[in-house]
Amino acid sequence: MRKTCHCGEMMTMKLRTVIYSGKVEIDNVPIFSCAACSRSEVIPEVKPDLTGLIARLGAEPDKQTFLFNECNEWADLLVEAKVNKKPPEPQDVEALIQQRINTLLDLYLLAQTLGDEAWITELNKRLQQLSKRSLLA
Ligand SMILES: [Zn+2]
């Protein structure tokens with residue numbers, strides 16, 4: 001859950017609002033930030049989804065607001081873990097991940113039973129997002 005900054009201090013994980021193009025607010029983006037030098041960076045696990053979202057907005061987006069946790073499992077988990085109020089212990093997040101994976105697998109079985117291809121695809125994507133576990137390494 002932590003990362004060492006270039007300045008040598010530990011970075012902590014937070015949820016932040018990212019403003020794109022001065023118009024689009026993307027809320028609840030998980031970032032690492034350093035209290036010592038104010039450096040911050042988007043956590044690698046969510047970068048593909050964030051860049052994907054920005055790519056879909058195009059060069060001249062309308063004024064709008066997104067909740068990043070609605071399109072990314074990591075962000076959603078961290079919102080649930082209330083990472084901004086109290087830094088979660090790695091084992092808390094691990095427990096949440098397990099819970100979430102179990103819930104998604106239940107839904108996956110249901111989707112398969114119903115033969116709902118769109119739902120299966122969506123659940124697959126969400127499970128894949130969670131299977132990138134380097135964050136806890
Ligand atoms: Zn730093």
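Contact here means heavy atoms within 4.5 Å. By that criterion, Trp 119 touches Leu 107, Leu 110, Ala 111 and Leu 114, with residues up to four places away in sequence left out of the count. The model is predicted. Trp 119 sits in helix 4. Its relative accessible area is 23%, so Trp 119 is partly exposed. Tyr 20 and Trp 119 are separated by 99 residues in sequence and by 30 Å in space, C-alpha to C-alpha.

The strands were examined next. Strand 3 spans residues 24-33 and is mostly covered. Eight of its ten residues are buried. Strand 3 pairs with strand 2, strand 4 and strand 5. Strand 2, residues 10-20, runs antiparallel to strand 3, and eight bridges join the two. Tyr 20 stands opposite Val 24 of strand 3. Three residues lie between the strands of this hairpin. One of the hairpin residues, Ser 21, takes a positive phi near 60°.

Strand 4 covers residues 40-42 and is also antiparallel to strand 3, with three bridges. Here Ser 40 of strand 4 is the bridge partner of Ser 33. The hairpin of strand 3 and strand 4 has six residues between the strands. In this hairpin, Ser 38 has a positive phi near 65°. Strand 5, residues 64-67, pairs with strand 3 in the parallel sense over four bridges. Phe 66 in strand 5 is the bridge partner of Ile 26. In a regular strand, side chains alternate between the two faces of the sheet.

Helix 2 runs from residue 73 to residue 80. Within helix 2, Glu 73, Trp 74, Ala 75, Leu 77 and Leu 78 are buried. The buried residues of helix 2 pack against strand 2, strand 3, helix 3 (90-114) and helix 4 (117-131). The N-terminal end of helix 2 is capped by Asn 72. A side-chain oxygen of Asn 72 lies 2.9 Å from the backbone nitrogen of Trp 74. Lys 82 follows helix 2 and has a positive phi, near 50°.

Charged residues were then considered. The structure holds seven salt bridges. One of them joins Lys 3 to Glu 41, with the closest N and O atoms 3.4 Å apart. This pair links distant parts of the chain, as Lys 3 is in strand 1 (residues 3-4) and Glu 41 in strand 4, 38 residues apart. Lys 3 is partly exposed, at 30% relative accessibility.

Glu 73 forms a salt bridge with Arg 100, the closest N and O atoms being 2.9 Å apart. Glu 73 belongs to helix 2 and Arg 100 to helix 3, so this pair ties together parts that are 27 residues apart in sequence. Both residues fall under the 20% limit for burial, because Glu 73 has a relative accessibility of 5% and Arg 100 one of 11%. Glu 73 also forms a salt bridge with Arg 126, and here the closest N and O atoms are 2.5 Å apart. That pair connects helix 2 to helix 4 across 53 residues. Arg 126 is partly exposed, at 23% relative accessibility.

These bridges belong to a network of salt bridges that links Glu 73, Asp 76, Glu 80, Arg 100, Glu 122 and Arg 126. Within this group, the side chain of Arg 100 makes a polar contact of 2.8 Å with the side chain of Glu 80. Neighbours within four places aside, Arg 100 is in contact with Glu 73, Asp 76, Leu 77, Glu 80, Arg 126 and Leu 130.

Cysteines complete the description. The structure holds zero disulfides. Cys 7 is partly exposed, at 41% relative accessibility, whereas Cys 34 is buried, at 3%.

Key. Residues numbered from 1 in each chain as written. Predicted model: local features only at pLDDT ≥ 70, side-chain atom pairs only at ≥ 80, totals over all residues. Heavy atoms only, no water. Buried < 20%, exposed > 50% of the residue type's maximum accessible area, 1.4 Å probe, protein only. Pairing = 2+ DSSP bridges. Polar contact = N/O pair within 3.5 Å; in protein donor to acceptor, adjacent residues only side chain to side chain. Disulfide = S-S within 2.5 Å. Salt bridge = Lys/Arg side-chain N within 4 Å of Asp/Glu carboxyl O.
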